[in-house]
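Have a look at the model first.

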Amino acid sequence: RGGARAQSGGKMASTAAGKQRIPKVAKVKNKAPAEVQITAEQLLREAKERELELLPPPPQQKITDVEELNDYKLRKRKTFEDNIRKNRTVISNWIKYAQWEESLKEIQRARSIYERALDVDYRNVTLWLKYAEMEMKNRQVNHARNIWDRAITTLPRVNQFWYKYTYMEEMLGNVAGSRQVFERWMEWQPEEQAWHSYINFELRYKEVDRARSIYERYILFTALVLVHPDVKNWIKYARFEEKHSYFAHARKVYERAVEFFGEEHMDEHLYVAFAKFEENQKEFERVRVIYKYALDRIPKQDAQNLFKNYTIFEKKFGDRRGIEDIIVSKRRFQYEEEVKANPHNYDAWFDYLRLVESDADAETVREVYERAIANVPPIQEKRHWKRYIYLWINYALYEELEAKASKRTRQVYQACLELLPHKKFTFAKMWLLYAQFEIRQKNLPLARRALGTSIGKCPKNKLFKGYIELELQLREFDRCRKLYEKFLEFAPENCTSWIKFAELETILGDIDRARAIYELAIGQPRLDMPEVLWKSYIDFEIEQEEYEKTRNLYRRLLQRTQHVKVWISFAQFELSAGRDERLPRCRQIYEEANKAMRSCEEKEERVMLLESWRSFEDEFGTDATKERIDKLMPEKIKKRRKLQAEDGSDAGWEEYYDYIFPEDTANQPNLKLLAMAKLWKKQQQESEAAAMDPDKDIDESQT
């Protein structure tokens with residue numbers, strides 16, 4: 001029984017243990033990530049911050065006797081030594097150690113620490129500075145001098161050591177020692193500020209000659225050592241001399257600077273300073289010479305300040321002519337820059353030439369003109385030459401009108417005409433100007449030869465017109481006839497030429513010749529303005545009072561065109577030409593025109609004809625004729641039509657006015673039906689209005 005109990009007890013224990021091994025795991029219902037995510041880095045940073053916050057302050061220790069003090073010193077020194085032993089290269093540990101020893105007035109120990117630190121890193125500038133400051137603070141002057149000497153010997157390019165050393169000697173009143181340190185410094189050829197510090201040091205003790213010698217050494221140093229010497233050093237030197245009233249020395253410095261920099265490295269600041277110095281000395285002519293010398297040699301984009309100061313000077317001390325000169329000079333430089341940037345900018349050349357012509361001699365103007373015309377357009381297309389050709393025209397006009405050089409003017413015209421590519425295009429104005437120039441020089445054969453050459457090389461309408469006008473002024477009518485013949489052979493479609501030729505013959509009294517010219521003209525297959533030609537021919541016959549021939553001309557013209565203006569003009573001619581039969585003839589013309597215009601698609605033209613006819617009947621007609629023309633007048637109605645876009649889609653509707661003529665209505669039954677429908681609709685509207693108003697019906701029944 002005991003074994004059975006043990007066995008049963010073991011089973012129960014194992015069952016209980018089995019139940020304990022299977023803990024219940026909580027099921028996570030929402031496995032989505034939280035909105036605010038916390039990183040491991042954030043956890044560590046927060047832990048570190050809280051550690052610093054919760055760090056308790058060190059206890060306050062009160063030292064009461066020497067043994068406790070020595071113990072404290074021992075512990076602190078052991079801590080510093082341990083830190084140094086861990087990392088010897090961290091100079092801040094050495095400095096803290098030395099400063100702690102200094103606070104205990106242990107100067108020897110502090111020196112020892114600094115020396116040990118210098119053995120580790122002698123290039124550390126802060127270490128030297130702290131070491132020297134400690135000695136100066138404790139009034140150990142010789143020790144401080146020793147440290148500064150070692151520092152500038154070890155690191156001579158650290159300017160801070162030199163500044164501190166010289167300042168210490170000056171504060172101690174050791175001027176000679178400070179000067180000696182400066183001299184040692186200058187042997188190393190330091191930067192600009194070091195030289196100026198030396199100069200200011202000498203000036204503090206009124207040593208002007210020594211300061212001048214330092215300036216000379218510095219200028220010589222910059223001239224020999226530096227690749228690009230700076231102008232401001234020369235300016236400072238000159239101002240130093242001016243400040244101490246050595247004006248001759250100052251002028252000499254400026255002159256040496258100008259000579260030293262030469263024309264290759266000119267700087268406007270040097271010349272502005274030089275000019276202001278001379279202005280202060282009341283040497284105004286010298287100032288003008290300096291400004292003009294600089295402006296002639298310095299590039300224009302680098303001389304803006306120079307221009308500004310020169311203008312201010314002239315406004316203060318110059319006359320009106322001087323002010324104008326500087327303004328003209330400034331504009332000239334601007335134009336020079338523009339034409340250099342783009343030589344084919346002819347507008348800039350025009351402005352430049354206009355400026356030069358107003359304020360320069362003839363040779364300068366010619367030089368600029370030659371430079372301008374040398375920029376020939378690179379492409380032989382007329383649109384590129386249209387601005388360029390005016391350079392030649394202005395050049396020729398200048399030589400003729402301003403310079404009074406007729407020989408050079410002829411050469412300019414001839415050179416221009418030789419330059420033009422006449423086979424591709426030409427400029428008629430150039431030929432005509434050359435011919436007019438030769439006429440002004442009373443050289444008629446050369447003028448005719450030039451115009452003849454132009455017509456032979458490159459015939460143009462303008463050339464023919466100009467040549468004919470010239471011969472007309474000279475009363476050479478036979479030459480004019482020949483020129484017109486050549487002109488019409490060249491351009492038979494030009495109606496203006498035919499008309500002018502016929503007018504010339506009319507003026508000369510050769511009516512048959514003029515009529516023959518008109519007949520030839522209207523017989524041409526192609527004309528540019530035929531309506532003008534026919535009108536001129538008709539006016540010619542009317543002037544000659546050849547009314548039958550005029551009627552024949554109108555009939556011939558109506559065979560070619562049925563334009564409404566021709567009919568109206570024909571009717572007005574009949575009204576003004578005849579005496580007894582003018583009204584029937586005019587009315588007959590209107591009748592014929594109305595019949596001819598019935599098939600015309602342009603209804604506005606037909607309306608124009610009827611209105612002209614009605615105005616005629618209102619003035620000369622009877623009541624019957626007026627009533628008849630009133631019946632012929634159309635009715636104006638508004639219609640709509642559908643519009644289509646370019647792609648074929650609907651673009652909406654458009655309203656327009658149309659005309660319905662009674663004569664057309666009588667011939668078209670559909671239009672009669674439309675009129676009857678309109679009348680029926682009107683009657684229906686009246687009956688509906690009567691039904692809506694019964695009182696009106698009662699009143700009408702009583703009535």
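Q: What puts Arg75 and Asp71 about one helical turn apart?
A: They are four residues apart in helix α3 (residues 66-86), so about one helical turn separates them. Keep in mind that this is a predicted model.

Q: Why is the contact between Arg75 and Asp71 called a salt bridge?
A: The N to O distance between their side chains is 3.4 Å, and the cut-off is 4 Å, so the pair qualifies. As background, side chains of opposite charge can pair when their charged atoms come close.

Q: Why does Arg75 count as partly exposed?
A: Its relative accessibility is 39%.

Q: How do you know whether Arg481 is buried or exposed?
A: The value for Arg481 is 18%; buried means under 20%, so Arg481 counts as buried. Its salt-bridge partner at 3.4 Å (N to O) is Asp478, which is exposed at 55%. Both lie in helix α26 (residues 477-490), three residues apart. A network of salt bridges links Asp478 and Arg481 with Glu485, Glu505 and Arg513.

Q: Why is the ring pair of Tyr346 and Tyr388 called tilted?
A: The structure holds 32 aromatic pairs. In this one the centres are 5.6 Å apart and the planes stand at 50°; stacked needs under 30 degrees and edge-to-face over 60, so tilted is what remains. The pair links distant parts of the chain, with Tyr346 in helix α18 (residues 346-359) and Tyr388 in the loop between α20 (382-385) and α21 (389-402). Both tyrosines, Tyr346 and Tyr388, are buried.

Q: What makes the pair of Trp385 and Tyr388 edge-to-face?
A: Their planes are 85° apart, with 5.5 Å centre to centre. Since over 60 degrees counts as edge-to-face, the name follows.

Q: Why is Ile38 called exposed?
A: Its relative accessible area is 56%, and exposed means over 50%, so Ile38 passes.

Key. Residues numbered from 1 in each chain as written. Predicted model: local features only at pLDDT ≥ 70, side-chain atom pairs only at ≥ 80, totals over all residues. Heavy atoms only, no water. Buried < 20%, exposed > 50% of the residue type's maximum accessible area, 1.4 Å probe, protein only. Phe/Tyr/Trp six-rings, centres within 6.5 Å; stacked < 30°, edge-to-face > 60°. Helix = DSSP H or I, 4+ residues; strand = E, 2+ residues; numbered from the N terminus.
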